[in-house]
Amino acid sequence: EPPTFKNQMCLLSTGPVEQSAPLWSTDCESSSSAESSCAASSDIDISSDDDEQEDIIPGLLEFAAEIQANGCSPSSWIRSLVAGKKLLLVLDIDETLLHTERTDSPGEEMERQCAERPFVPFADDSCCFKIGSFYYFMELRPGLVQFLHNAGRHFQIVFYTNGTNNYARVVLQFLFSILPSLQFDVRGVVARSNVTDTTIKTLRRFNAPRNSTVVVDDRSDVWIPQDCKNLVQITPWRGDNTNDSELSSLLDVLTQIHRRWYSGSRDVRTLLNPK
């Protein structure tokens, strides 16, 4: 089981920086045809026009299928990341970034509003929405907006959830409404409707380069063993601690990983799991 991020933060704050390794090295196979096909699919044109903001979401939700269809290789990912001096950050959603509960009766007025729009915000950190015949209440983990804003400076972000596409769509719409700049940092979304296995997570879904990808999840048992070396396991948040500060501490870890990777330590797995 991977160490907690608090232990990882202590490990990252000490120790020498390794000598530089090649920027393009990966532990996965690549092909020239895959690299060339990736160029067109990796650039997402995001307009700042409010009327066009929703257009990005279908593309993000088709992300995994598009990557697999075009055969993007890990080395193609790394070239894209290094061009912006970033790494790849894969974020679980439920109990990691937010908490969602089903509610049987949100009230007549709330039911009317949910029928008219994708979600009904209560404040900057919560909303109510309807999927199918059920109503849900979603609350963001304390510090999430600031975390995503700062993480986007050093990482391209992929959300990975075992929830459905419809659920992921609402999460994106709510987050984008609070933090519009997040659209420029999110590379894609992996949800239940665009993967064949609904329980096991793996970076192979979208050919992520393991040496430059950090995974954040509250569970390690849903990841294949090989990908646990990339995992920073965070304490689950179920909406019961308004003073939670895990995301602030997590950001410190991620900042250190980014700094040390670009200082010469070309493998996040070595940084997260030192011998």
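A word on the ground rules. This is a predicted model, where local features need pLDDT of at least 70 and side-chain atom pairs count only at pLDDT 80 or more, while totals for chains, interfaces and linings use all residues. Residues are numbered from 1 along each chain as its sequence is written, and side-chain values use heavy atoms, with hydrogens and water left out.

The pLDDT, the predictor's confidence in each residue from 0 to 100, averages 79 over the protein, and 76% of the residues score at least 70. Helices (H or I, at least four residues) and strands (E, at least two) are DSSP runs, numbered from the N terminus.

Back to cysteine 127: this residue sits in strand 4, as the bridge partner of proline 121. Strand 3 (residues 120–123) and strand 4 (residues 126–131) pair in the antiparallel sense over 3 bridges; to count as a pair, two strands need at least two bridges found by DSSP. A hairpin of 2 residues links strand 3 to strand 4. As for disulfides (pairs of cysteine sulfur atoms within 2.5 Å), the structure holds 0. For cysteine 127, the nearest cysteine sulfur belongs to cysteine 128, 7.4 Å away.

Then there is the greasy inside. A nonpolar core is a set of buried Ala, Val, Leu, Ile, Met, Phe, Trp, Tyr and Cys residues joined through side-chain atoms within 4.5 Å. The largest one has 54 residues, and Leu89, Phe147 and Phe159 touch the most other members. Helix 8 (residues 165–178) gives the most to this core, with 8 residues. Leaving aside residues up to four places away in sequence, phenylalanine 147 is in contact (heavy atoms within 4.5 Å) with Leu89, Leu91, Leu247, Leu250, Leu251 and Leu254.

Helix 9 (residues 246–261) has buried residues including Leu247, Leu250, Leu251 and Leu254. In the loop between strand 9 (231–233) and helix 9 lies asparagine 243, which is exposed, with a relative accessible area of 67%. Asparagine 243 and arginine 141 are 102 residues apart in sequence, and their C-alpha atoms are 9.6 Å apart in space.

Terms used. Buried < 20%, exposed > 50% of the residue type's maximum accessible area, 1.4 Å probe, protein only.
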